[in-house]
Amino acid sequence: MMRPIELPTKHEIMRACRGGGHDGHPLLRAAFELTALHEQISRLAPDRRRGPEENRAALVVSIDHWVRARLPPAPAAAAAPPPESVGALVDRIAEYTAVAFTALTRTDDWSLWDAWNTLEELSRAYEALVVGISTGRRRLPDA
């Protein structure tokens, strides 16, 4: 029987995005850093975003490399690849965490509701992806 890969839970990812609980864990630390980069990018003029966007892209790749290095041998060819990588999904969770916390400072209740609703959907997608990868029903997208 294949031993499940131990990835952070959706709750750990979301807590790390909010600035707590990453305790040196590489994936959780990257989630925290991605959120900070999304906050920074949202405040920059488009012509000033290149450096932070490159850092963001590098963090996404580093998450995917970290996960891939910890996977058991490749699952059966029948295992379906997810629509996006773990790194890309964590990046979207980080992005919507930044959006949601920015929305807290606004008076538009709908933008806050939309941000939190999207964040919950993304966290469920992350959880499903982790379960699929750890049980061999999903495989990572080709690198």
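User: How many helices and strands does the secondary structure of the protein chain come to?

Analyst: This is a predicted model. From the N terminus on, its elements run α-α-α-α-α. The count is five helices and zero strands.

User: Among contacts between residues at least 6 apart in sequence, what share joins residues at least 24 apart?

Analyst: The protein chain has 143 residues, and 36% of them are buried. Take the contacts between residues at least 6 apart in sequence. The share that joins residues at least 24 apart is 67%.

User: Which residues have the most contacts inside the largest nonpolar core?

Analyst: That core has 28 residues. Two or more residues come from each of α1 (10-17), α2, α3 (50-69), α4 and α5 (109-135). In soluble globular proteins, nonpolar side chains tend to be buried together. Those with the most contacts inside this core are Leu27, Val86, Val90 and Tyr126.

User: Which residues does Val86 touch, not counting residues up to four places away in sequence?

Analyst: Val86 is among the residues with the most contacts inside the largest nonpolar core. Leave aside residues up to four places away in sequence. Val86 then touches Leu27, Ile63, Asp64, Val67, Tyr126, Leu129, Ile133 and Leu140.

User: What arc do the buried residues of α1 cover around the axis?

Analyst: The buried residues in α1 are Lys10, Ile13, Met14, Ala16 and Cys17. They sit on the same side of α1, because the arc they cover around the axis is only 160°.

User: Which residue follows α1, and what is its phi?

Analyst: The phi is positive for the residue after this helix. The residue is Gly19, and its phi is near 105°.

User: Is Lys10 buried or exposed?

Analyst: Lys10 lies in helix α1. Apart from residues up to four places away in sequence, Lys10 touches Glu120, Ser123, Arg124, Tyr126 and Glu127. The relative accessible area of Lys10 is 12%. The cut-off for buried is under 20%. Lys10 is therefore buried.

User: What is the relative accessibility of Ser123?

Analyst: Ser123 is found in helix α5. Not counting residues up to four places away in sequence, Ser123 touches Lys10, Met14 and Ile93. Ser123 counts as buried, because its relative accessibility is 0%.

User: What is the volume of the largest pocket?

Analyst: Rolling a probe the size of a water molecule over the atoms shows where empty space is left. Ten residues line the largest pocket. By class, the lining has three nonpolar, three polar and four charged residues. The volume is about 190 Å³.

User: Which helices each supply at least two residues of the lining of the largest pocket?

Analyst: Nearest the centre of the largest pocket lie His38, Ser42, Glu95, Ala98 and Val99. Of these, His38 has its place in helix α2. The helices that each supply at least two lining residues are α2 (26-43) and α4 (86-103).

User: How far apart in space are His38 and Val99, C-alpha to C-alpha?

Analyst: His38 counts as buried, because its relative accessibility is 11%. Beyond residues up to four places away in sequence, His38 touches Arg56, Asp91, Ala94, Glu95 and Ala98. His38 and Val99 are 61 residues apart in sequence. In space, C-alpha to C-alpha, the separation is 8.4 Å.

User: Is Arg56 buried or exposed?

Analyst: Arg56 lies in helix α3. Residues up to four places away in sequence aside, Arg56 touches Leu34, Leu37, His38, Ile41 and Asp91. From Leu34, Arg56 is 22 residues apart in sequence and 6.1 Å apart in space, C-alpha to C-alpha. The relative accessibility of Arg56 is 18%, so Arg56 counts as buried.

User: What separates the C-alpha atoms of Leu129 and Arg139?

Analyst: Leu129 is found in helix α5 and counts as buried, at 6% relative accessibility. Neighbours within four places in sequence aside, Leu129 is in contact with Pro82, Glu84, Ser85, Val86 and Leu89. Leu129 and Arg139 are ten residues apart along the chain. Their C-alpha atoms are separated by 9.0 Å.

User: What is the relative accessible area of Ala128?

Analyst: Ala128 is also found in helix α5. Ala128 is partly exposed, because its relative accessible area is 48%.

Key: Residues numbered from 1 in each chain as written. Predicted model: local features only at pLDDT ≥ 70, side-chain atom pairs only at ≥ 80, totals over all residues. Heavy atoms only, no water. 1 Å grid on protein atoms, 1.4 Å probe; cavity = no way out; pocket = protein on both sides within 12 Å on 5 of 7 lines; lining within 4 Å. Points joined across faces, edges and corners; volume = space filled by probe spheres on them. Helix = DSSP H or I, 4+ residues; strand = E, 2+ residues; numbered from the N terminus. Nonpolar A, V, L, I, M, F, W, Y, C, P; charged D, E, K, R; others polar. Core = buried A, V, L, I, M, F, W, Y, C linked by side-chain atoms within 4.5 Å. Buried < 20%, exposed > 50% of the residue type's maximum accessible area, 1.4 Å probe, protein only. Contact = heavy atoms within 4.5 Å. Arc of directions from axis to C-beta.
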